[in-house]
Amino acid sequence: MNKTIMTVDDSASIRQAVSFTLSQAGYDVIQASDGNDAINKLKASSVRAVLTDLNMPNLDGIGLIKWIRSQPSHRFLPVILLTTESQDAKKQEGKAAGATGWIIKPFKPEQLIAVLKKVLG
Amino acid sequence: MTATGYASGGLFEQEAFELLTDLENGLLRAEEAPEDGDTIAGIFRALHTIKGSAAMFGYDNISAFLHEVESVFDLVRSRLLPVSRDLIDLTLSAGDEVRRMLQGAADSEEDRSRAKGIIASFASLRANGGNGEEVRRPKSGAAQKHAEKDHLPHTAETPPKCFQQRRQPPAVVRRIDGARSGKHYCTA
């Protein structure tokens, strides 16, 4: 059975690119357009990891990570931030909130898969 | 093939044009309500998303161009820089430039020079702490004074300045209020 990964981003083109990469590598993918959408879908589905953007409307990546870590069942769920280099402060904020790691945009498909494999073990 | 190996099949371009419209609408709202944090956050998010996605799909020119713009709006949303008339006008120009880049119509020396000029203006704005006409919530008479700066007689029949200056219909949607209030805007 394939592992399911959630990709959270308000950009449809990024979600499409990430989903394609994950599918090609054999993962099932759930897409969410912001933190609130992600929470609703996490309540309904089981995932092995979450890849999330930082800046999103309604609920941003930091808010999403905090929610995830507040759930006993998700305390150790790998959460990877997709972030741009200039957001160092946000990276630290993400780490403090409980992010497992981050990938810097722009990234290549193989970089995304390598980081995912690392956190999934 | 792009440097990242990703191709959006046109989805990025479509999304970017929509975000540019969001950006312009946000700038219009910021002009009316410069202290509205949600509006500023929305402007920053539009810039940030276009910039980040552009780099993923091979538009390094857009990503590089928007770097300074995004930095300035990061200061604005942190309340370290005020919303000024110059900032709004400059950001509208930046949006036009990104539009040209998306259409592949920004490759000439003149285009590159113009883009560099815009970036330099943003850098200057940042360095000077945004010392310019700060946009404050319009009070009675303030909107009239702003409209008069266009140096056009304001009647319902006179085409506003933006129609005359833009080569394509402006994406900024504004109200036409008629001669009664003295406020006259463009419609898309």
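Chain A of this predicted model has five helices and five strands. Both are DSSP runs numbered from the N terminus: helices are H or I with at least four residues, strands are E with at least two.

How is chain A built overall? The C-alpha trace spans about 30 × 30 × 25 Å along its principal axes. A compact globule of 121 residues would have a radius of gyration near 14 Å, and chain A, at 13 Å, agrees with that. That radius is taken over C-alpha atoms, and the globule rule is 2.2 Å times the number of residues to the power 0.38.

| Item | Value |
|---|---|
| Residues of chain A that count as buried | 54% of 121 residues |
| Contacts in chain A joining residues at least 24 apart, among those between residues at least 6 apart in sequence | 59% |

Buried means under 20% relative accessible area, exposed over 50%, and partly exposed in between (1.4 Å probe, protein chains only). Contact means heavy atoms within 4.5 Å.

Now zoom in on A:Thr21, which sits in helix α1 (residues 12-24) of chain A. Is A:Thr21 buried or exposed? It counts as buried because its relative accessibility is 7%. Leaving aside neighbours within four places in sequence, A:Thr21 is in contact with A:Pro109, A:Leu112, A:Ile113 and B:Tyr6.

Residues are numbered from 1 along each chain as its sequence is written, and chains are lettered from A and ligands numbered from 1 in the order written. Local features need pLDDT of at least 70, side-chain atom pairs count only at pLDDT 80 or more, and totals for chains, interfaces and linings use all residues, while side-chain values use heavy atoms, leaving out hydrogens and water.
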